[in-house]
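Work through these exercises with the model open beside you. Try each task before reading its solution.

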Amino acid sequence: MTQMDLMTAPAAPPEGGDLMVLQSGWRLAVREFLANRLAVVGVGALLFFVLFSFFGPLVYHTDQTNTNILFTDQPPGAGHPLGTDDLGFDVLGRLMKGGQASLEIGFLAAAIATVIGTLWGAIAGLVGGILDAFMMRIVDVLLSIPFLFIVLIVSIKYGASVLTLSAILGVFSWLTSARLVRGEVLTLRVRDFVAAAKVMGATQMRLIYRHLIPNALGVVIVNITFEIANAILAVAALGFLGFGIQFPQTDWGTQVSNSVTEVLNGYWWLVYPVSICLVATVMACNLVGDALRDAFDVRLRRR
Amino acid sequence: MTRYIIRRSLTAIIVLLGISFVTFLLLHFIAPSPGRAALGVRATPAAVHAYNQQHGFLKPFLVQFVDYLNQLLHGNLGFSFVLNQSVTAILGERAPLSAFLSGTSVVLAILVAIPLGIFQAVKRNSVGDNVLTAVSFTLYSTPVFLFGVLLIQIFVFNLNLVDANVPQSQTLLGALADFKDIILPIVALTATNVASYSRYQRSSALDVLAQDYIKVARSKGLSTRLVLMRHLVRNAALPMVTLVGLSIPALLAGNLLIEALFNINGLGLLFVNSLQRQDFQVLLAYTLIGAALTVLGNFIADIALTVADPRIRLV
């Protein structure tokens with residue numbers, strides 16, 4: 001996008017100014033994104049799962065508070081399109097409820113990670129010197145600690161709800177975005193418009209918020225989609241091991257935690273519908289991420 | 001070259017120090033009173049205090065950290081109060097099986113992913129490439145445990161070829177006694193690794209294919225086979241070294257989930273069981289080892305790359 005600015009800047013009408021150029025760069029990226037059919041499918045799938053999880057329960061009413069032990073593990077049939085689980089909950093309704101937790105954690109953890117990572121990377125890249133070296137060594141240290149391990153350890157002590165789990169996942173997954181933003185800031189801070197802003201007396205904070213972060217936004221946005229995918233996978237792994245959201249709440253990972261027994265019993269409706277939701281959501285995030293990366297990367301663009 | 005290795009070793013040592021500080025910090029805050037853990041819930045506060053005092057858990061924070069480091073340097077990873085055994089011994093018992101499982105699947109994954117990625121790059125946008133991309137993309141988005149469940153459904157319940165349980169022996173040889181039962185876990189791990197490696201290998205091969213020296217080699221009249229073997233494979237496979245080094249945390253996570261799914265008596269299952277027992281000494285010791293392995297893996301990958309690729313040495 002930034003190279004695009006340079007190329008279009010002289011041609012832009014003077015009254016348009018900075019904003020015009022910025023918009024056209026964005027519009028190009030959007031057009032490029034929409035031309036990618038797989039990406040549109042990804043966005044559609046994500047929208048579908050968000051609507052399914054959050055608005056589905058408004059249309060499809062099920063009892064997700066009272067167990068029904070006389071009606072457990074029923075195969076799909078009348079009244080229960082996807083059968084019932086081992087506590088007698090309707091599986092379709094359970095999927096919606098689980099999807100809420102999984103998606104909330106995915107989005108929230110990605111948001112937390114992105115905010116921390118972006119600020120960390122921008123400050124390290126802009127200030128440079130010893131502070132930069134120190135901050136990036138911290139990133140190196142945390143990056144070499146296996147993510148799933150540390151998240152599991154901290155979550156058995158502190159986490160069982162959507163909020164705590166998102167916080168834990170977010171706090172340990174901002175490292176990639178910090179590295180990306182720092183790299184971006186390092187190339188941006190020697191550019192002329194940053195020098196111009198400095199000459200005009202902009203403070204460090206203004207430089208970061210007004211000039212560096214908006215220009216590094218492409219990288220950040222691409223990374224968010226992958227962060228969401230990773231957070232959803234991580235919380236699924238936690239749930240699978242039995243350390244996810246606690247009953248009576250549920251998430252997609254928790255729903256497959258007894259999968260081997262269920263497969264053994266032939267209760268396929270307890271394993272495959274939720275697996276499909278999980279894989280499709282993660283895949284949709286990855287598709288969108290790949291397409292966004294191509295859309296923002298001017299070099300890959302067809303002209 | 002030597003200067004680079006020295007500088008690289010120094011950063012590795014600093015990062016290792018940082019890692020041990022983080023694990024110590026976590027241990028300190030999550031499991032603050034080893035006396036309570038050692039003596040049980042019915043011990044009097046005075047006894048707990050005496051125990052903590054005696055074993056140096058009441059000393060200042062930094063003194064305790066230095067003690068901890070000193071113990072680590074002597075190969076002592078702490079003491080599990082839950083299992084009443086030294087952590088080093090517990091981990092040492094189970095390491096061979098996990099190492100075998102992860103090692104085999106990484107080697108297999110590399111052997112599959114390099115030719116696969118290069119094939120995809122050379123036959124770019126062909127039907128084969130598109131099918132393989134779709135498959136690897138799906139696998140890449142599938143949690144390894146779900147893929148394992150699918151394998152169990154097909155090969156254990158439908159086809160009845162193998163058993164879903166790996167023999168519960170403590171030793172590596174014992175667990176391998178019924179070799180065909182460990183095939184499924186290895187396949188599951190290998191497949192997920194191939195999914196991430198081959199994507200990378202494909203784009204790396206595409207980059208190399210666009211280089212001038214490939215055009216030169218072609219215009220000299222070299223056969224396609226020679227161009228591929230001599231010029232493409234070597235250059236395109238080099239970044240794989242870095243990728244494997246970087247993927248160690250993911251490998252350990254996959255190992256943990258697969259061992260939990262197939263009930264394999266290795267470090268991963270030990271970790272899961274320790275979570276249930278809240279045995280923080282074991283948990284953090286394994287985390288420390290995992291992190292150290294990651295640092296070591298990246299270090300070796302960087303050094304290997306500078307040895308293998310003269311272009312990097314110049315920088």
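This is a predicted model: local features need pLDDT of at least 70, side-chain atom pairs count only at pLDDT 80 or more; totals for chains, interfaces and linings use all residues.

**Exercise 1. Check the span of α7(B) against its number of residues.**

Solution. Step 1: α7(B) covers residues 144-158, which is 15 residues. Step 2: take 1.5 Å times one less than the number of residues. Step 3: the helix should therefore span 21 Å. Step 4: its end C-alpha atoms are 20 Å apart, which agrees.

Now look for a bend, the angle between axes fitted to the seven residues ending at a residue and the seven starting there. α7(B) has a kink of about 25°, centred on Ile152(B).

**Exercise 2. Which residues of α7(B) are buried, and what covers them?**

Solution. Step 1: apply the cut-off. Buried means 20 or more other C-beta atoms within 10 Å of the residue's own; exposed means 12 or fewer; partly exposed lies in between; C-beta atoms are placed from the backbone. Step 2: list the residues. Val144(B), Phe145(B), Leu146(B), Phe147(B), Gly148(B), Val149(B), Leu151(B), Ile152(B) and Gln153(B) are buried. Step 3: find the cover. From chain A it includes α11 (204-241), α13 (259-265) and α14 (272-296). From chain B it includes α6 (127-141), α9 (183-209) and α13 (248-262).

**Exercise 3. Describe how α5(A) and α6(A) pack.**

Solution. Step 1: α5(A) is residues 91-127, and α6(A) is residues 129-144. Step 2: they pack at about 145°, with axes 7 Å apart. Axes are lines fitted to C-alpha atoms, for helices over the stretch in contact; angles run from 0 to 180 degrees between N-to-C directions. Step 3: name the contact residues, meaning pairs with backbone-placed C-beta atoms within 7 Å. α5(A) gives Trp120(A), Ala124(A), Gly125(A) and Val127(A). α6(A) gives Gly129(A), Leu131(A), Asp132(A), Met135(A) and Met136(A).

**Exercise 4. Summarise chain B: how many helices and strands, and what share is buried?**

Solution. Chain B has 16 helices and 2 strands. Buried residues make up 36% of its 315 residues.

Conventions
Residues are numbered from 1 along each chain as its sequence is written. Chains are lettered from A and ligands numbered from 1 in the order in which they are written. Helices (H or I, at least four residues) and strands (E, at least two) are DSSP runs, numbered from the N terminus. Two residues are in contact if their C-beta atoms, placed from the backbone, lie within 7 Å.
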